[in-house]
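Welcome, and please have a look at the model below. A short tour of a few of its parts follows.

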Amino acid sequence: MTRVLVVEDDPAIGRLLRRSLADRGDVVTVAIDGASGLALAVQDRPEIVLLDLGLPDLDGLQVLRMLRAVSQVPVIVVTAQDDDRTVVEALDNGADDYLLKPFGSDQLAARIRAVLRRCAVGAASGETVRVGELEVDLATRQVSCEGHALDLSRKEFDLLWLLASRSGEVVTKREMLADVWGLPFGGGDRTVDVHLSWLRRKLGETAAQPRYLHTVRGVGVRLSAPASETL
Ligand code: CA
């Protein structure tokens, strides 16, 4: 049983997808435009998203880029456009696979299985988190950003790991203090701020011009991939 979010504006295709997935025992939610698709992808935390590229409100690739800024959920792009450029662009923007319309329910099921299998392997082997061009490896405690290795102190690494392993979520200062410094009852806000500023410097960003570390005022910090320049 897999929680599947289908973002598809064509009611006939939406119904077909819903039926064929439900027959396999999946739990299916259908969003009929990009905006509600994005909202549901964040709220419902589906295990996989099937994303139609031709949507009424937003371009599907735009939806994909916005989704990738906040979530690593596996995405299969569904498109009638079989030109290379669209497919390449979808994969480059974080799609895990693509399906060309029309497709049969067996192919759909096989693609979903394959993508989920690949993602499960990635999650189990590691303890490696990738967000955009940032890669954090827990086993080796190595961090690279845009292909360059970063030299982090132990606490900086622990803090970055906490934020990266929960990418897309806001992590509160209290959680950071508890997890990284073993201070669940506060008392070290300044320490957190200092370490965040060191991390920012090493990631080549500032609080005023964030790329990966986004301050949510009064709440905490969210690590997410830099927004695409085209948005
Ligand atoms: Ca469509």
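Buried means under 20% relative accessible area, exposed over 50%, and partly exposed in between, with a 1.4 Å probe and protein chains only. Thr79 has 2% relative accessibility and therefore counts as buried. Thr79 is found in strand E4; helices (H or I, at least four residues) and strands (E, at least two) are DSSP runs, numbered from the N terminus. Contact means heavy atoms within 4.5 Å. Leaving aside neighbours within four places in sequence, Thr79 is in contact with Leu53, Leu99, Leu100 and Lys101.

## About the model

This is a predicted model, in which local features need pLDDT of at least 70 and side-chain atom pairs count only at pLDDT 80 or more, while totals for chains, interfaces and linings use all residues. Residues are numbered from 1 along each chain as its sequence is written, and side-chain values use heavy atoms, with hydrogens and water left out.

## Helix H3

How many of the 11 residues of helix H3 are buried? Eight are, so helix H3 (residues 60-70) is mostly covered. Among them are Leu61, Val63, Leu64 and Leu67, and Arg65 and Arg68 are buried as well.

Which elements do the buried residues of H3 pack against? They pack against helix H2 (34-43), strand E3 (48-52), helix H4 (84-92) and strand E4 (75-79); E4 is the strand in which Thr79 is found.

## The calcium site

Donors are N, O and S atoms within 2.8 Å of the metal (3.2 Å for Na, K and Ca); water is not among the atoms, so sites may look incomplete. For the calcium ion, the protein donors are Asp9 (OD), Asp52 (OD) and Gly54 (O), at 2.2 to 2.4 Å. Along the chain, these donors follow the spacing D-x42-D-x1-G.

Asp52 counts as buried because its relative accessibility is 5%. Gly54, at 42% relative accessibility, counts as partly exposed.

Two strands pair if DSSP finds at least two bridges between them. Three strands form an open sheet in the order E10-E12-E11, with antiparallel pairing. Strand E10 (170-172) and strand E11 (213-216) each have a single partner strand and stand at the edges, so one side of each is left without a neighbour in the sheet. From one strand to the next, the twist averages 35 degrees.

E10 pairs with strand E12 (residues 220-223) over three bridges in the antiparallel sense, and Thr172 has Gly220 as its bridge partner in E12. Helix H6 (residues 154-165) lies across E10, E11 and E12, at about 70 degrees to E12. Axes are lines fitted to C-alpha atoms, for helices over the stretch in contact, and angles run from 0 to 180 degrees between N-to-C directions.
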